[in-house]
Amino acid sequence: MASSSRSSRRRSAATILILLVFVAVFVVRLVDIQVVRAETLSADSLGNRSVEQPVYGARGDIVDTNGVVLAGTVMRYDITLSPRNAAEFDRTTDDGDVTVTVAQAAAEVGALTGQTGDEILQIISGSLAADKDSDYAVVVRAVDVSVFRAIDKLDIPWMYAEKNPGRVYPDGAVAGNLVGFVSSGGEAQAGIELGQDACLASTNGTETYEKGADGVRLPQSTVTTVRAKDGGDVVTTIDSDLQWFVQQVLAEQAVATGAAWGNVVVQEVKTGKLVAVADYPSVDPNNVNGTPDAEDRGSRAFTAPFEPGSTYKALTTASVLDAGAATPLSRVVAPYRYLPPNGANVNDSSNHADLNLTLTGVMIESSNTGMSKFGELISDQQRYDYMSKFGVGSASESGFLAEESGTLRPFEDWDNQTKYATMFGQGLTTTAIQVSSIYQTLANNGVRMPVQLVAGCRHADGSMTDVPEAVGTPVVSAAAARETADILEMVYQKAWLAKTWEIPGYRVGAKTGTAQMPDGRGGYTKGYLVSVSGFAPGDDPQYVVSVSLADPVKLNSSAASAPIFQEVMSQVLKKYRAVPSGATAPALPGTW
Amino acid sequence: MSDNLARAPRPNWESTPDTASVPEPRHIEIVSPRSQRHARPKIVYALSAVTGVAAIVLAQLLLSVGISQSAYEVSRLQASQVELGRTAESVTEDLVRVSSPQSLAANAEALGMVSNSNPVYLRLSDAAVLGAPASASGSSAGTASLVPNSLLVGVPLVTELPQTTGQGASLGGSQAEVPAAVAPVAPAAEPNALPTPTTR
């Protein structure tokens, strides 16, 4: 009796002990799973179900001064598939369920994306060959909404679409030279796109969603992990309508005269804003490969300095007048060939007898010898200082990517010929923008305004940053600037192209230039760079138009560029409602 | 009743009738003790409690049905919002494309318009003509677009659109439907306006 009760007690003790051990094991396991390894395990489990994908922030727009979009972001879709899940599936149609094979599905998609069914099958098999568990392969990138919808309608369970914002340039080549373009991957490549990338760039976010065992996305499981941030808009000073007109006129004349390249700059006199900068040839940013030569894809107005030639004489005239060394009526005798004492050799473009010219007359006749006799009235250093103040030799304030500064060597380094050549725009180089800026200064009473291409970066809340300063710097006195402008008005009236560039009713000041083009080896080519720069209306100048055409083989003189000046200036005056005053410019005699 | 409550009225002994003198029938009733009375709640309480619980359960059920119904509605509307957003984007894209200068110029030219950049002004105050009027020549800028826009490839001009009478189907198509009811109204004379001859 006693032994049986002891054995039963021992049994129950053993049972309790075993139970305790079991409980202890479970508790340890529980703590291990729920506390010690909790994070790793839940991350693993989520990782098995969840998929992380980027959410794209929209890159900012580039707009013109009126808000017309020059470069915008549109939503495009990348079509992707899961190779390991690619299998036949049932599709519910009006005639009941139909089984669709992979090949059929591939052919259907291919018909929409412009691929063949085999190409899509190859994407699947190629991806599986690289990794037999492959869950991701891109079928086609950047299809638009209609294609995306059509593919969506096919209801292929292993095919997905991912958003991928694309870049579109609604106005095509209008301002394409300035706007630049982005690569297919969305990387900024050129122009404002690259130069203002800091403003335009967006930050991508990520979102996570969960998917079931069959790869189907679970509804309502999307979690935004990192919010995407849209980029700011770059507001330019360009007017897209005028820009189009100018590009059209330039291209027409450039084709007609067989020019290698050319550009037209339209600048606002009072503010220094560039309202149009046209280049020929130019690029359509929607189709960059349509412009094979990389040099034609940018803006030569900013990046290709040239020897300006006679348009530069306006600067020399203003310098001499401002220094008080001459007046518009000061007299010289301009020979065909002038041999200054320092050994230089200055010629006019065509043979002529000695001419009794005033400073005004020298400009009308565009006499190099006459200009040399006026230029030597002030020192080289004075002239150099004036040039620097006019912005020659330093890149403008426009902030355009890779803008050239041109070449202006210090006056101490000028040789005897260069000392004279720099008076009529040879022996130094300027960009078209710099030439325009010189005329802007002269038309604006001698006050040079910073060249503006970008008016600022506009953020989502409407605030503007990076607004350039618009404080002018006086270069020459108002009187000297006005006298130079008066001379330029006489040039417009009396020079040999007066009939070509005439805009009836308006007072205009303009000057031609025909400069030899350097061949890059220290010499000159046979081609000329022909140009016209001027401003209007003469009584209260509002706009500068500066035209340059390089090597127009069919018409190798500034007669090639003058019609462009006439048409563009007319359009500018009409567009901005500059009413002709009907007054006549003060008459200045050119001869004595 | 502004009487002082402490001043209880003295009972009127004389007028109180002698109740003891009237014989009453004997009346015996079983009265449950106080504790028993408490222990037996009324059935109506039970009923109301059960009804209340049932009502709450029902209300909750209906609410959750309603909420999940709305959740589907919300999700459906969100999906349709996304779809409409896409439609709006793609239509805007089309609109921006056809409003590009190249498209406008080509269409204007197709309709027979000619660009004329010759600036001439008519001053209303004294009918002065400022500038030199000249008729536009068809050869000025715009005969062929030299400013390419690859987005416009394949986009037909207004003159090439099929002439349909559907409202708003094409730019030039709905002309026939514009009612002639709008009588031509003479433009109101501007201040400073020129006297204009009235033609009938």
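Chain A gives 36 residues to the contact and chain B gives 24, where two residues are in contact if their C-beta atoms, placed from the backbone, lie within 7 Å. On the side of chain B that touches chain A, helix 2 (43–98) and helix 3 (101–110) each give two or more residues; helices (H or I, at least four residues) and strands (E, at least two) are DSSP runs, numbered from the N terminus. Helix 2 of chain B has the largest share, six residues.

This is a predicted model: local features need pLDDT of at least 70, side-chain atom pairs count only at pLDDT 80 or more, and totals for chains, interfaces and linings use all residues. Residues are numbered from 1 along each chain as its sequence is written, with chains lettered from A and ligands numbered from 1 in the order in which they are written.

A nonpolar core is a set of buried Ala, Val, Leu, Ile, Met, Phe, Trp, Tyr and Cys residues joined through C-beta atoms within 7 Å. A residue is buried if 20 or more other C-beta atoms lie within 10 Å of its own, with C-beta atoms placed from the backbone.

| Core | Residues | Members include |
|---|---|---|
| Largest | 130 residues | Val246(A), Val264(A), Phe565(A) |
| Second, separate | 20 residues | Leu81(A), Val139(A), Met159(A) |

Val568(A) touches Val246(A), Val249(A), Val264(A), Val266(A) and Val545(A), leaving out residues up to four places away in sequence.

In helix 3 (residues 102–113) of chain A, the buried residues are Ala105(A), Ala106(A) and Val109(A). Just after this helix of chain A, Gly114(A) has a positive phi of about 85°.

Key:
Buried ≥ 20, exposed ≤ 12 C-beta atoms within 10 Å, placed from the backbone. Expected span 1.5 Å × (residues − 1).
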